[in-house]
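Subject: Structure handover

Hi,

Here is the structure I promised to pass on. Please open it alongside this email.

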Amino acid sequence: MKYYTYYPGCSCEEGTATAYGMSALAVAKALDIELIELEDWNCCGSSPYNSIDELGSLCLAARNLSLAEKKGLDVVTPCSSCYIMLDRVNHHLKESPKVKAKVNEALAAGGMEYKGTVKTRHMLDVFVNDVGYDAIKSKVKKSLSELKVAPYYGCQVVRPGPSFDNPENPQTMERLIESLGAKATPFPLKARCCGGSLVIPEESVALELTYKLLENAVSNGAECIITVCPLCQVNLDIYQSKVNRKFKSNFKIPVLFFTQLMGIAFGIDNKTLGLGKCVVSPDKVLAKSSAVEKGG
Amino acid sequence: METHTKSANAFLNEICSIPGGEKIRLCIQCGTCSGSCPNADKMEYTPRQLIAMARAGMQDEVLSSNSMWYCASCYLCTVRCPRDIKPTDLMHVLECLAGRHGLSSKKTKTPIMYQTFSNLVYGTGGMPEVGFMMRFYLKTNPFSAVKMLPTALSMLRHGRLSLKSRKLKPEAQRQLKAILNKAKELGGS
């Protein structure tokens, strides 16, 4: 059994990505990982807060890490935005004693201190590097042999880094997909931006970026896309019909969280994985997965 | 000329005083940031131009431009910058300063979106997504919410809209506010 402090983040807990949280917990359990939720955690503030109050944004993350520091475990989160918001505090504190002093002066107003010792991790990193591809492979109960999957990393899981994979040409998910018995398709734009939260104030900007991603995935033969970020999933899945209207395209490609694909391969039921929450129906993924039961 | 140099230093010093802005003086104007940016074509000034203007002391032109508000925080410029100046962080610093000087661009709704989002995080410690969207549309263009209706209905049908959101315990809430108030007072933004 491996133990981690778990930081679900707002989207995965109660927001648009509850299916990500549900499937991450179910897959972690199958892999003998115990996720202990951080008590009293607060929102990471995401990129909006650091555009309004930079020091405050560092403090939002530092309060969470200060709580986690007492537990002595690595903090793991499935959300790419939460991941970099937490992770960047450590970099800032290490690089600048001045910033460290300021952050701790603010934390002291709440009776807290952060020394900078907590390791922050993304769920993908923990699954493939702590558990490992072989152990993941050994849990596969259903064959996905014919499924062609585009691995979409987006930005913040590998950038600014240094992270567990290459910032522009990551490979982690390709190996994961192969371990699950599916086929990873080439996806040149796999680490390019979907537009993120700009989809709210500047919808057309985000739709254009999302269109390029969908087009790139589909033209390379993908039958589904997997993502590691709540907001990427929203843009590629929920806004797919808007992309189709704007660009007169006809995409109908399911977009799953990588944990949902792992769960399907592990034989975890659809409801636990929140598959009904996908706006573009994942039925064709499920049809391929149920075709063969591996090893009886 | 002398005044210009002085104000350039004041603006640069202000940029350098915020975490992430410290390295602006190291820029060699190679343009890798602009060439990497997925949204540079939407910006009044590209990231490289913005840095040159900031160093020339063009405070008002820089802070009232729409440029930094089109940064989607993809960090491609940051990993490619040969001088390690972290242009993404720099964009966030300029956004913070635009707010501080009351110059945030009116040509994009992004500043209002960020402010609405941050107010809720400050006020609740969580992110009530539905409440956030409603506040944003009320502040910008309530009629544009009508266009969002099909999307909202589809989200509702798939269980993607939740009225529940994270609520901190009262003591944790008080603690967080005390920390954020102190951060504001220390002025790193």
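Below is what turned up, chain by chain.

**Ground rules**

This is a predicted model, in which local features need pLDDT of at least 70, side-chain atom pairs count only at pLDDT 80 or more, and totals for chains, interfaces and linings use all residues. Residues are numbered from 1 along each chain as its sequence is written, chains are lettered from A and ligands numbered from 1 in the order in which they are written, and side-chain values use heavy atoms, with hydrogens and water left out.

Helices (H or I, at least four residues) and strands (E, at least two) are DSSP runs, numbered from the N terminus. Two strands pair if DSSP finds at least two bridges between them.

Four strands of chain A make an open sheet in the order β2-β1-β3-β4, with parallel pairing. Its edge strands are β2 and β4 (120-122) of chain A, and each pairs on one side only. From one strand to the next, the twist averages 40 degrees. For such angles, axes are lines fitted to C-alpha atoms (for helices over the stretch in contact), and values run from 0 to 180 degrees between N-to-C directions.

Now the pairings of β1. Strand β1 (residues 2-6) of chain A runs parallel to strand β2 (residues 33-37) of chain A, and five bridges join them. In β2(A), A:K2 has A:I33 as its bridge partner. A:T5 is bridged to A:I36 in β2(A). A:T5 also has a partner in β3(A), namely A:V75. As background, strands of a sheet pair through backbone hydrogen bonds, either parallel or antiparallel.

Helix α2 (residues 18-30) of chain A lies across β1, β2 and β4 of chain A. It runs at about 135 degrees to β2(A). Contact here means heavy atoms within 4.5 Å.

**Chain A, the sheet with β5**

Another open sheet has four strands in the order β6-β5-β7-β8 (chain A), again with parallel pairing. The edge strands are β6 (183-184) and β8 (255-257) of chain A, each pairing on one side only. Strand β7 (residues 224-227) of chain A pairs with β8(A) in the parallel sense over three bridges. One partner to look up: A:I226 is bridged to A:L256 in β8(A).

Helix α11 (residues 230-238) of chain A packs on the sheet and touches β5, β7 and β8 of chain A. Its direction makes about 165 degrees with that of β8(A). Helix α13 (residues 258-265) of chain A also lies across β5, β7 and β8 of chain A, but runs at about 80 degrees to β8(A).

**Chain A, backbone details**

Where are the cis peptide bonds? One joins A:R159 and A:P160, with omega about 0 degrees. The bond from A:G161 to A:P162 is cis too, with omega near 0 degrees. A:P160 is in the loop between β5 (148-152) and α9 (172-179) of chain A. A:P162 is in the loop between β5 and α9 of chain A as well.

A:S46 is not a glycine, yet has a positive phi of about 50 degrees. A:S46 lies in helix α3 (residues 46-50) of chain A.

**Chain B**

Chain B has eleven helices and zero strands. Its C-alpha trace spans about 60 × 40 × 30 Å along its principal axes.

One helix pair is worth a look. Helix α7 (residues 110-124) of chain B packs against helix α8 (residues 129-139) of chain B at an angle of about 140 degrees, with the axes 10 Å apart. That angle makes α7(B) oblique to α8(B). (Angles under 35 degrees count as roughly parallel, over 145 as roughly antiparallel, 65 to 115 as roughly perpendicular and the rest as oblique.) In α7(B), the contact residues are B:I112, B:M113, B:T116, B:F117, B:N119 and B:L120. They meet B:G131, B:F132, B:R135, B:F136 and B:K139 in α8(B).

**Between the chains**

How many residues are in contact? 70 residues of chain B are in contact with 68 residues of chain A. The two chains bury about 5,900 Å² between them, 60% of it on carbon and sulfur atoms. (Buried area is the accessible area, with a 1.4 Å probe, that two parts lose on being put together, summed over both.) In chain B, B:R160, B:R166 and B:I179 lose the most area to chain A, together 13% of what that side buries.

Best wishes
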